[in-house]
Amino acid sequence: MNVRSFLRFVELPTKVASMLPFLLGTLYALYRFEDFYMLRFILMLVSLLSFDMATTAINNYYDFKKAAKKHGYGYETHNAIVRYKLKESTVIATIAVLLLLAAGGGIALVFQTGLLIFLLGGLSFLIGILYSFGPIPISRMPLGELFSGLFMGFVIIFISAYIHSDQSVVTLLLQGGWVDLHVNLIEVVYIFWFSVPAILGIAGIMLANNICDIEDDLENRRYTLPVYIGRNHALLLFKLLYYASFLDMIVLLILGVHPLLVALLLITLVPLRRNIALFQEKQEKASTFILSVKNFVLMSTARIIVLAAAVLLGLLNI
């Protein structure tokens, strides 16, 4: 396996779905908690990126092994194992190395931060594996959008903010067999509310992917959400996800982000509406699926810029 086939195997460009929430959570912590720990940042980056690549690799391997339809774009072109004629032993070894890197970085982060990261990280690992592997993977059920949105949107943002918060959001201690848990409910609600665009944007990527694959999924016995609710209802849901994502503007205002900065987010409605319209016209993996990724990148990048500007204004006391 060379660099090119590896990057296609782990679908590196799709890692924006985890890296952008990671950056959003970090900036949220800088703005809200006014703190940053470089070592924790690096450890989470290594663990998160490795695990995201590993789950994609597992998903591609599972699709390769379970495929009933062995022709067409989804199998012959999209799946790197087939396209680059990768050895099965090499594929399995690559997945193992990525999982070891993810686990190593995660364990090191737990020692830096505490028990809560162990529990959330462990749950994320479990869901990530079950998403692509097992007797009935989550990706083959109508729950893929929900799980991917919540875990890659909210949980990643929560953890990446929490590791810089010095436990001012949640405190979890294990002493003498007793578990002592304290939750700052307001802060948790704020983080969740702030995460809404990431949750819905990632769900939109998964939904667009499943809409494009309806026919292939039926042949491969993947009963995703669009298979259950039909193409028309799935397209309506796809559109509504993006309009609902602007609810986070309310919490940004509550947190004190300058209203002018928050209002700038409305500019993104123009390209979002255009991309939604293009996808409504044609749903094709090779050409229009990328619009959902562009929408997510646009939404997240706009909020990163706004939050970074708010942090900068705070440092300048403006």
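Modeller: Start with G25, which, apart from neighbours within four places in sequence, is in contact with I157, S160 and A161. Contact here means heavy atoms within 4.5 Å.

Colleague: Before we go on, what kind of model is this?

Modeller: This is a predicted model, so local features need pLDDT of at least 70 and side-chain atom pairs count only at pLDDT 80 or more, while totals for chains, interfaces and linings use all residues. Residues are numbered from 1 along each chain as its sequence is written, and side-chain values use heavy atoms, with hydrogens and water left out.

Colleague: OK. Where does G25 sit, and is G25 buried or exposed?

Modeller: G25 belongs to helix 2. Helices are DSSP runs of H or I with at least four residues, strands are runs of E with at least two, and both are numbered from the N terminus. G25 has 0% relative accessibility, so it counts as buried. The cut-offs are under 20% relative accessible area for buried, over 50% for exposed and in between for partly exposed, with a 1.4 Å probe and protein chains only.

Colleague: And how far is G25 from F111?

Modeller: Their C-alpha atoms are 20 Å apart in space, and the two residues are 86 apart in sequence.

Colleague: Which residues have the most contacts inside the largest nonpolar core?

Modeller: Those are Y28 and F158, in a core of 80 residues. A nonpolar core is a set of buried Ala, Val, Leu, Ile, Met, Phe, Trp, Tyr and Cys residues joined through side-chain atoms within 4.5 Å. Helix 9, residues 185–212, gives the most to this core, with 16 residues. There is also a second, separate core of 13 residues, including I58, A80, V91 and I95.

Colleague: Why would such side chains sit inside together?

Modeller: In soluble globular proteins, nonpolar side chains tend to be buried together.

Colleague: Back to Y28. What does Y28 touch?

Modeller: Not counting residues up to four places away in sequence, Y28 touches F33, A161, E187, Y190, I191, F194, L255 and L307.

Colleague: E187 is charged, I think. Which residue does the side chain of E187 meet in a salt bridge?

Modeller: R32, with 2.8 Å from N to O. A salt bridge is a side-chain nitrogen of Lys or Arg within 4 Å of a carboxyl oxygen of Asp or Glu. R32 is in helix 2 and E187 in helix 9, 155 residues apart, and the pair links distant parts of the chain. E187 counts as buried because its relative accessibility is 11%, whereas R32, at 30%, is partly exposed.

Colleague: How many salt bridges does the structure hold?

Modeller: Six. One of them is K15 with D52, where the closest N and O atoms are 3.4 Å apart. K15 is in the loop between helix 1 (3–9) and helix 2 (16–32), and D52 is in helix 3, 37 residues apart. K15 and D52 are both buried. Another joins the side chains of E215 and R231, at 2.9 Å from N to O. E215 lies in helix 10 (residues 214–219) and R231 in helix 12 (residues 231–244), so this pair ties together parts 16 residues apart in sequence.

Colleague: New topic. How do strand 1 and strand 2 run?

Modeller: They run antiparallel, and six bridges join strand 1 (residues 170–175) to strand 2 (residues 178–183). Two strands pair if DSSP finds at least two bridges between them. V170 stands opposite V183 in strand 2. The two strands form a hairpin with two residues between them, and G176 in the turn has a positive phi of about 55 degrees.

Colleague: Which residues form the nonpolar patch on the surface?

Modeller: F36, M38, I42, V46, V97 and L101, with about 500 Å² of accessible area together. Areas come from the Shrake-Rupley method with a 1.4 Å probe, and for residues only the protein chains shown count as cover. Patches are made of residues with over 30% relative accessible area and no salt bridge: like charges are joined within 9 Å, nonpolar side chains (Val, Leu, Ile, Met, Phe, Trp, Tyr) within 5 Å. The largest share, three residues, comes from helix 3. I42 is found in helix 3, and I42 counts as partly exposed because its relative accessibility is 40%.
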